[in-house]
Amino acid sequence: MKFRGAEAIVETIDWQGKTVISKTRNKRGYRHPSLEKKLVVERLRSESRIMERLISHGVSVPAIYSVNPVKNRIIMEFVDGRTLERALRTDAFNSHLKDLASLLSKIHSLGVIHGDPTTSNFLVKDKIYAIDFGLSSISDDPEDRASDLRVFLESLDSHHSEINGREIFLSAYSKGEGSKAVLEALKVLELRGRYNLMRG
Amino acid sequence: MGIESTAHTAGVGIITSEGKILSNQRSVYIPDEGEGIHPREAANHHVEKFPKLFKEAFEESKLSPNDITLVSYARGPGLGPCLRTGATAARAFAYTHQIPILGVNHCVAHLEIGLLEGATDPVLLYLSGANTQVIAYAAGRYRVFGETIDIGIGNGLDKFAREAGMGFPGGPKLEKVAEGDALIDLPYSVKGMDLAFSGLMTAAKQKLDSGHSLASVAYSVQETAFAMSCEVAERALAHTGKTELVLGGGVACNSRLREMATIMTEERGVKCFVPEMGLCVDNGVMIGWLGYQMMSAGYQITEEDNMVNQKYRTDMVEVTWR
């Protein structure tokens with residue numbers, strides 16, 4: 001398997017006798033070299049640290065085997081599942097949305113903001129896994145958590161307009177710790193700027 | 001025929017059903033030194049210029065009003081007073097000459113004109129004063145995959161340029177003075193497929209105040225803001241699996257932005273379509289072309305289509321012509 005994402009080349013490789021995921025951040029020729037270097041190092045470090053934090057609290061994210069800042073590469077566990085994007089196109093979308101809500105709520109309660117929780121960044125196998133923490137950050141701010149929800153809802157709306165997943169997802173998320181402030185912040189966020197009007 | 005008047009540009013364009021552009025007349029309102037767009041002043045400018053623009057469009061195309069089969073105008077999104085002058089001009093012309101009239105969405109027009117360049121199912125990176133969006137077609141609508149969560153990129157550039165003592169429009173003036181190769185560290189704000197520019201512009205102003213040269217700050221602002229824009233476009237390409245990128249909006253005239261988008265698409269192995277400058281900026285041609293696309297697909301005009309809508313969102317339009 002090889003996938004060229006926006007951020008990195010993600011491929012399955014043979015590593016010490018087993019199939020693993022190798023994620024190598026691609027060089028961006030369009031970015032200024034010093035901006036590129038800064039972003040690559042920042043994102044690599046933050047991604048691996050945040051994943052370690054989640055793993056140590058039992059959150060289902062791929063295990064990290066090796067981090068190489070020189071090669072811009074992370075070696076991690078290969079989760080052989082299908083993307084949430086595909087899983088939502090099945091009849092079981094309802095329970096997937098609920099599982100996702102409790103996963104995201106757990107991630108948030110550990111002080112982590114995913115940063116890009118679109119439907120292609122979750123894998124469904126025996127349970128649901130969060131992947132791609134390339135844009136993740138550390139924050140307890142309800143507004144940052146709400147921003148995560150909004151990114152997800154947006155991807156739900158733009159890619160899965162055929163199901164009305166919003167209510168299912170939000171009502172499941174509301175059962176989590178600290179969710180009240182987050183949902184309040186989401187309301188404010190959605191009222192702000194572009195979400196209800198477009199400036200001319 | 002297409003009539004454009006969503007913001008600072010009054011435009012009258014004429015295009016044939018084969019996509020041949022016969023005339024693209026534009027007049028841009030320039031605010032007083034140190035000021036931004038005043039909606040009423042801009043509308044007054046449009047009122048004054050429309051008769052001349054119509055006349056020149058007919059002169060250039062060598063057509064007469066009777067040759068026009070459809071008048072389209074931009075219903076929105078945009079500044080209320082400006083939208084109303086365009087709608088009024090369009091109605092006056094259409095009613096006088098007994099021609100059907102249709103109001104269309106300005107943002108969708110930016111995307112559709114990109115299809116004239118040969119794209120079939122692209123991601124549009126739409127960078128203008130007020131609008132900063134990544135748009136692509138999915139399930140019957142043009143969906144907004146990513147967007148600014150505060151100010152439009154062009155407004156941000158204009159505001160920074162104004163504070164740096166340059167006039168309107170600031171973007172092209174910044175491009176002229178931008179020079180250097182050392183990058184000043186500025187906030188790089190990408191959240192998923194969304195962007196934010198206000199922190200970047202504030203930080204840029206602070207760098208300027210703390211003694212950095214205008215050339216180097218302008219250079220760094222461009223490098224940072226355009227890299228952010230290309231990154232979200234790249235994310236949308238990866239997310240949707242589409243293989244074409246179209247640039248649109250006034251900021252897409254910037255040659256550094258064009259260069260970055262070209263490099264990004266080459267690295268990804270996707271095609272990049274850059275409409276000529278006169279079609280990237282606000283113009284009447286794209287409005288006329290979208291109206292024609294809609295009508296030729298059998299679109300039925302409703303009463304609502306003849307009312308301007310300042311908050312007419314891209315994804316409110318049901319795409320029936322694809």
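Me: How many residues does the contact take from chain A and from chain B?

Reply: The contact takes 26 residues from chain A and 33 residues from chain B, two residues being in contact if their C-beta atoms, placed from the backbone, lie within 7 Å. This is a predicted model, in which local features need pLDDT of at least 70, side-chain atom pairs count only at pLDDT 80 or more, and totals for chains, interfaces and linings use all residues. Residues are numbered from 1 along each chain as its sequence is written, while chains are lettered from A and ligands numbered from 1 in the order in which they are written.

Me: Which helix gives the most to the side of chain A that touches chain B?

Reply: H4(A) does, with 4 residues; helices (H or I, at least four residues) and strands (E, at least two) are DSSP runs, numbered from the N terminus.

Me: Switching to H1(A), how far does it reach from its first C-alpha to its last?

Reply: H1(A) has 24 residues and reaches 35 Å, close to the 34 Å expected at 1.5 Å a residue, the expected span being 1.5 Å times one less than the number of residues.

Me: And which residues are buried in H1(A)?

Reply: They are A:Leu44, A:Glu47, A:Ile50, A:Met51 and A:Leu54, where buried means that 20 or more other C-beta atoms lie within 10 Å of a residue's own, with C-beta atoms placed from the backbone.

Me: What do the buried residues of H1(A) pack against?

Reply: Their partners are strands S3 (18-25), S4 (64-68), S5 (73-77) and S7 (112-113), together with helix H3 (93-109), of chain A.

Me: What follows H1(A)?

Reply: A:Gly58 follows H1(A), and the phi of A:Gly58 is positive, near 75°.

How values were computed
A residue is buried if 20 or more other C-beta atoms lie within 10 Å of its own, exposed if 12 or fewer, and partly exposed in between; C-beta atoms are placed from the backbone.
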